[in-house]
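Work through the exercises below with the model open. Each task is followed by a stepwise solution.

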Amino acid sequence: MTKQARLVLTKRERQILDVLYRVGRATVSEVQDAIGIGGNSTVRAQLRVLERKGHVRHIEQGLRYIYTPTVPRHQARVTAMKHVVETFFQGSSTRALATLLAIEDAELSDDVRQALAESVHRALAFGK
């Protein structure tokens, strides 16, 4: 499987990973209940795909498989964001950030503006 194929996740795969990041570890039934779909064969198949892609792993506990994410959530965020920046913004973080800030429904409070300014300042100071 190519690196690109491992990075691209379907909506259902993202939902499953979200559950696993939220709860830490879960069985197929627990994931199924959390995302509210019928038939655990679908969830089981998606978990196998996620395992093949390297996003989750399982341990056997009796007759059940317990699934956990393979990378910390913050690392997954960075990887996903890099993919988005490369795919939609020609690798330009500046374009990506400008787009995020231009979203009309993104009303920024003074606290958020201050936090963003501090993050930008740290990033610029780190680059020196």
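Angles of 65 to 115 degrees between axes count as roughly perpendicular. The model is predicted.

**Exercise 1.** Classify how H3 and H4 are oriented to each other.

Solution.
- Step 1: The axes of H3 and H4 cross at roughly 110° and come within 9 Å.
- Step 2: H3 and H4 are therefore roughly perpendicular to each other.
- Step 3: H3 makes the contact with Val28, Ser29, Val31, Gln32 and Ile35, and H4 with Asn40, Val43, Arg44 and Leu47.
- Step 4: By class, these residues are five nonpolar, three polar and one charged.

**Exercise 2.** Find the packing angle of H2 and H4, then classify it.

Solution.
- Step 1: The angle is about 85°, and the axes lie 10 Å apart.
- Step 2: That makes H2 roughly perpendicular to H4.
- Step 3: H2 brings Arg12, Glu13, Ile16, Leu17 and Leu20 to the contact; H4 brings Val43, Gln46, Leu47, Val49, Leu50 and Lys53.
- Step 4: The contact of H2 with H4 has seven nonpolar, one polar and three charged residues.

**Exercise 3.** Which residues have the most contacts inside the largest nonpolar core, and which elements give two or more residues to this core?

Solution.
- Step 1: The core has 15 residues, and Ile16, Leu20, Val31, Ile35, Val43, Leu47 and Val56 have the most contacts inside it.
- Step 2: Helices H2 (11-23), H3 (28-35) and H4 (40-53) each give two or more residues.
- Step 3: H2 gives the most, with five residues.
- Step 4: Leaving aside neighbours within four places in sequence, Leu47 is in contact with Ile16, Leu20, Val28, Val56 and Tyr67.

Note on methods: Residues are numbered from 1 along each chain as its sequence is written. This is a predicted model: local features need pLDDT of at least 70, side-chain atom pairs count only at pLDDT 80 or more; totals for chains, interfaces and linings use all residues. Side-chain values use heavy atoms; hydrogens and water are left out. A nonpolar core is a set of buried Ala, Val, Leu, Ile, Met, Phe, Trp, Tyr and Cys residues joined through side-chain atoms within 4.5 Å. Buried means under 20% relative accessible area, exposed over 50%, partly exposed in between (1.4 Å probe, protein chains only). Helices (H or I, at least four residues) and strands (E, at least two) are DSSP runs, numbered from the N terminus. Contact means heavy atoms within 4.5 Å. Axes are lines fitted to C-alpha atoms, for helices over the stretch in contact, and angles run from 0 to 180 degrees between N-to-C directions. Angles under 35 degrees count as roughly parallel, over 145 as roughly antiparallel, 65 to 115 as roughly perpendicular and the rest as oblique. Ala, Val, Leu, Ile, Met, Phe, Trp, Tyr, Cys and Pro count as nonpolar, Asp, Glu, Lys and Arg as charged, and the others, Gly among them, as polar.
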